[in-house]
Amino acid sequence: MKIIALFFLCFCSTQAMAAPGLEALTVETVAGGDKKYSLSIQALVLMTVLTMLPAVLLMMTSFTRIIIVLAILRQAIGTAQTPSNQILLGLALFISIFIMAPVIQDIYHSSAKPYLEEKISADVAIEEAKKPIMNFMLAQTREDDISMFVEMSGTENVENAEDIPLTVLLPSFVTSELKTAFQIGFLIFIPFLIIDLVVASVLMSMGMMMLSPLIISLPFKLMLFVLVDGWSMIIGSLAASFL
């Protein structure tokens with residue numbers, strides 16, 4: 001939760017959060033001795049941004065590529081809703097935690113821990129927390145995508161990676177992740193597509209045109225996937241693609 005709080009600080013104005021006199025909850029005594037409670041605008045903004053935080057965090061990690069590849073794999077095998085969406089989401093989440101563990105550790109040691117020990121200020125903690133995640137995103141982002149968004153945003157004086165603002169890097173990273181995920185998904189789809197074509201050709205030659213090829217090809221695709229240890233191969237390749 002401390003790491004998530006630091007991510008949140010990257011998208012909030014430090015001046016607004018540090019402004020004096022802005023208390024989250026105020027208590028006023030009204031006539032009759034009753035108490036009146038009210039929330040400040042700061043607390044309302046905080047709760048509003050927290051609702052967007054999970055989506056922002058997922059788009060800044062390896063989660064996007066992994067969940068797309070797993071969804072394409074399920075579609076290629078043709079098992080409909082097996083594994084279920086909940087299983088795929090959970091699997092993608094834990095693989096993402098494994099891949100992002102070094103980045104999280106860097107953020108904790110360089111930003112969260114010194115800030116909690118009051119060795120650095122909030123501004124310095126935010127800057128230190130941004131560096132590891134931006135380095136991770138830069139390593140996975142294509143230069144063409146960065147150039148496209150830099151040109152669209154009109155950003156000037158971008159001579160090196162450190163000059164790229166987060167508002168430009170984030171959409172560039174997501175675009176690159178989508179491209180990479182579909183490229184991996186295409187390679188995964190080919191073997192299963194060949195099985196479907198072979199089964200369909202055999203059924204056509206036998207005159208069994210009323211029988212769905214998917215019913216016959218599914219056991220063969222499952223057998224192929226099990227024999228090559230497909231899950232280990234897919235998950236291992238996905239994790240290695242971020243190294």
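Q: Let's start with Thr-79. Where is it in the chain?
A: Thr-79 sits in the loop between helix H4 (63–77) and helix H5 (85–116). Helices here are DSSP runs of H or I with at least four residues, strands are E runs of at least two, and both are numbered from the N terminus.

Q: Before we go on, what kind of model is this?
A: This is a predicted model, where local features need pLDDT of at least 70, side-chain atom pairs count only at pLDDT 80 or more, and totals for chains, interfaces and linings use all residues. Residues are numbered from 1 along each chain as its sequence is written, and side-chain values use heavy atoms, with hydrogens and water left out.

Q: OK, back to Thr-79: buried or exposed?
A: Thr-79 is buried, with a relative accessible area of 18%. Buried means under 20% relative accessible area, exposed means over 50%, and partly exposed is in between (1.4 Å probe, protein chains only).

Q: And what does its side chain reach?
A: The side chain of Thr-79 reaches the backbone oxygen of Thr-82, at 2.3 Å.

Q: Zooming out, how many helices and strands are there in the chain?
A: Ten helices and two strands. From the N terminus, the order is α-α-β-β-α-α-α-α-α-α-α-α.

Q: How much of the chain counts as buried?
A: 34% of its 243 residues. Ala-125 in helix H6 is one to look at, with 0% relative accessibility. Its C-alpha atom is separated by 7.9 Å from that of Ser-110, 15 residues apart along the chain.

Q: Switching to rings, how many aromatic pairs are there?
A: Four. Rings of Phe, Tyr and Trp (its six-membered ring) pair if their centres lie within 6.5 Å; planes under 30 degrees apart count as stacked, over 60 as edge-to-face, and the rest as tilted. One of the pairs is Phe-136 with Phe-242, which is stacked at 6.1 Å centre to centre with 15° between the planes.

Q: Why does that pair tie together parts that are apart in sequence?
A: Because Phe-136 lies in helix H6 (residues 122–139) while Phe-242 is in the segment after helix H10 (230–240), the pair joins parts 106 residues apart in sequence. Phe-136 is buried at 9% relative accessible area, and Phe-242 is buried at 7%.

Q: What about Phe-192 and Phe-225? How are they arranged?
A: That pair is tilted, with 6.2 Å centre to centre and 45° between the planes. It links distant parts of the chain, with Phe-192 in helix H8 (residues 166–205) and Phe-225 in helix H9 (residues 213–227), 33 residues apart. Phe-192 is buried at 5%, and Phe-225 is buried at 9%.

Q: Which residues do ring pairs link into a cluster?
A: Phe-136, Phe-173 and Phe-242.

Q: And what lies over the face of Phe-242?
A: Arg-65 does, at 3.9 Å from the ring centre. A charge sits over a ring if NZ of Lys or CZ of Arg is within 6 Å of the ring centre and within 35 degrees of the ring normal.

Q: Last one: which helices supply at least two residues each to the lining of the second largest pocket?
A: H8, H9 and H10. A pocket here is an open set of points on a 1 Å grid over the protein atoms alone, where a 1.4 Å probe fits, with protein on both sides within 12 Å along at least five of seven lines; lining residues have an atom within 4 Å of a point. This pocket is lined by 14 residues, and Leu-187, Ile-188, Pro-191, Met-233 and Ile-234 lie nearest its centre.

Definitions and conventions
Polar contact = N/O pair within 3.5 Å; in protein donor to acceptor, adjacent residues only side chain to side chain.
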